[in-house]
Amino acid sequence: MPVPTFPSPAPAPAPAPAPAPASPSPLRFAYGTNGLADLRLDDALALLADLGYDGVGLTLDHMHLDPLAADLPARVQHLARRLNALGLDVTIETGARYVLDPRRKHGPSLLDADADDRARRTDLLSRAVQIAADLGAHAVHCFSGITPAGTSPDTAWERLAAALTPVLEAAATAGVPLAIEPEPGHLLATLADFHRLRRTLGDPEHLGLTLDIGHCQCLEPLSPADCVRAAAPWLRHVQIEDMRRGVHEHLPFGTGEIDFPPVLAALAATGYQGLTGVELPRHSHEGPHQAERSLPFLHQAAAQSPPALPATPSATPEGSTSP
């Protein structure tokens, strides 16, 4: 009996080619530990690694890495191993509120009248440089501080330059850039002020800039994206959050006024290689939640970024209007 035969089935249509994945953003995102102050440092680092962050902005403070601890070298060694195991890069930040004085927020500063007090802040920054070198951090962040009452601007600038000089010498020895942040209300509050300091110090190689995107929205005459382009040659660290014009309040993304895609496009176009760290120091009570929602927001904003315009010269030399 002949074996019945059946027609061969028609070949299945070839699957449609998968859409090409979007080009990944060249930017690397981090989250600041000053927004995770209620977590143990090991737990905070594990959280950030699990969420997919590239790094961490580590504020030297008593609850995480105390820069004044007697066993600091051992703690730094442990942290270096932990960061390596989790694949996290790091920037060292020095904005702890009460790490030097339990009664004065951010005191003593580089501008204090007492030379011994200024030396304590200088020592903290020099310690931060050594910690950064031991951890392979890409920068050390700092700021000037508020001008003390009764202090002339010229005196304040002289104190700032003198107090930073040994820190810059330590940074040059360690090969770690010092990135000073323009901070609303401080002596060094704007990009123009940064250029004044840079020129006063003779444009040292290891003096760079921390650019806080929210601060640009708050008080700079340029837009945040234009601030990025103007700051590009000196950019060593970036902090990011939402903010409103004229109000120095760090806000979760989407609750302020910043249009982030053009900002991230401008930042990517500079070729910046450091970390872009989320800066929400007043949201530690919901730090894990904010860390979880911030990274997808930034990735989406980076994917929406329009092609960046080529950098154009500022209307004033180096973005500065200061003498």
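Thr94, Ser109, Leu110, Arg121, Leu125, Cys142, Phe143, Ser144 and Gly145 line the largest cavity. The model is predicted, with local features needing pLDDT of at least 70 and side-chain atom pairs pLDDT 80 or more, while totals for chains, interfaces and linings use all residues. Residues are numbered from 1 along each chain as its sequence is written, and side-chain values use heavy atoms, without hydrogens and water.

**Cavities**
- A cavity is a set of points on a 1 Å grid over the protein atoms alone where a 1.4 Å probe fits but cannot get out; lining residues have an atom within 4 Å of a point.
- The count is 3 cavities of 30 Å³ or more.
- The largest cavity holds about 50 Å³, a volume being the space filled by probe spheres set on the points.
- The second largest cavity, of about 40 Å³, is lined by Pro182, Ala189, Leu211, Asp212, His215, Cys216, Leu219 and Glu220.

**Ser109**
- Ser109 sits in the loop between β3 (89–93) and α3 (115–135); helices (H or I, at least four residues) and strands (E, at least two) are DSSP runs, numbered from the N terminus.
- Ser109 is buried, at 9% relative accessible area (buried is under 20%, with a 1.4 Å probe and protein chains only).
- The side chains of Ser109 and Asp112 form a polar contact of 3.1 Å (a pair of N or O atoms within 3.5 Å, one able to donate a hydrogen and the other to accept it; residues adjacent in sequence count only if both atoms are side-chain atoms).
- Ser109 and Arg121, 12 residues apart in sequence, are 5.9 Å apart C-alpha to C-alpha.

Notes: Buried means under 20% relative accessible area, exposed over 50%, partly exposed in between (1.4 Å probe, protein chains only). On a 1 Å grid over the protein atoms alone, a cavity is a set of points where a 1.4 Å probe fits but cannot get out, and a pocket is an open set with protein on both sides within 12 Å along at least five of seven lines; lining residues have an atom within 4 Å of a point.
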